[in-house]
Amino acid sequence: QAQLVESGGGLVQPGGSLRLSCVVSGSGFSVRSIAWYRQAPGNQRELVARITNHGSTNYADPVKGRNTIYKDNAKNTVYLQMNSLKPEDTAVYYCNAQFQPWSWGQGTQVTVSS
């Protein structure tokens, strides 16, 4: 099992940037694919980006070209750099193992508004 702590969210204007961090405490970080998800009010949680244990990355179409996922194995941390933010990016963002997820963390709120 692992514990997940997401941070870095906030209020940003359209076109702005944020970098989210996800610290994974416990075992399994280096051998698991880790993903960022988001959930907007009234919507289901959706996968935004994922990074495999080998460092390969994939992105959902709505964020492709605007988001970058990367990790620091020494810090057990996965990051999500989000650029050119849009109001539709507003959501609570979570990280978790993509397969056989751990217990969910509290997430970090991202609000894009002028």
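Tutor: Here is a walk from that arginine to the disulfide and the core.

This is a predicted model, where local features need pLDDT of at least 70, side-chain atom pairs count only at pLDDT 80 or more, and totals for chains, interfaces and linings use all residues. Residues are numbered from 1 along each chain as its sequence is written, and side-chain values use heavy atoms, with hydrogens and water left out.

Let's start with Arg32, in the loop between β3 and β4 (34-39); strands here are DSSP E runs of at least two residues, numbered from the N terminus. Arg32 is buried but has no salt bridge. Buried means under 20% relative accessible area, exposed over 50%, and partly exposed in between, with a 1.4 Å probe and protein chains only. A salt bridge would need a side-chain nitrogen of Lys or Arg within 4 Å of a carboxyl oxygen of Asp or Glu. The nearest side chain of opposite charge, Glu6, is 14 Å away (Lys and Arg count as positive, Asp and Glu as negative, while His and the chain ends are not counted).

What the Arg32 side chain does reach is the backbone oxygen of Gln100, at 2.5 Å. Leaving out residues up to four places away in sequence, Arg32 touches Ile51, Thr52, Asn53, Ala97, Phe99, Gln100, Pro101 and Trp102, where contact means heavy atoms within 4.5 Å.

At 68% relative accessibility, Gln100 counts as exposed, whereas Arg32 is buried.

Now for the disulfide. The structure holds one, a disulfide being a pair of cysteine sulfur atoms within 2.5 Å. Cys22 and Cys95 form it, with their sulfur atoms 1.8 Å apart. Cys22 belongs to strand β3 (residues 18-26) and Cys95 to strand β9 (residues 91-97), so the bond ties together parts 73 residues apart in sequence. The S-S torsion is about 65°, so this disulfide is right-handed. Both Cys22 and Cys95 are buried.

Last, the core. Of the 27 residues in the largest nonpolar core, Trp36, Val78, Leu80, Met82 and Tyr93 touch the most other members; such a core is a set of buried Ala, Val, Leu, Ile, Met, Phe, Trp, Tyr and Cys residues joined through side-chain atoms within 4.5 Å. Elements giving two or more residues to this core include β3, β4 and β9.

Methods: Helices (H or I, at least four residues) and strands (E, at least two) are DSSP runs, numbered from the N terminus. A polar contact is a pair of N or O atoms within 3.5 Å; within protein, one must be able to donate a hydrogen and the other to accept it, and residues adjacent in sequence count only if both atoms are side-chain atoms.
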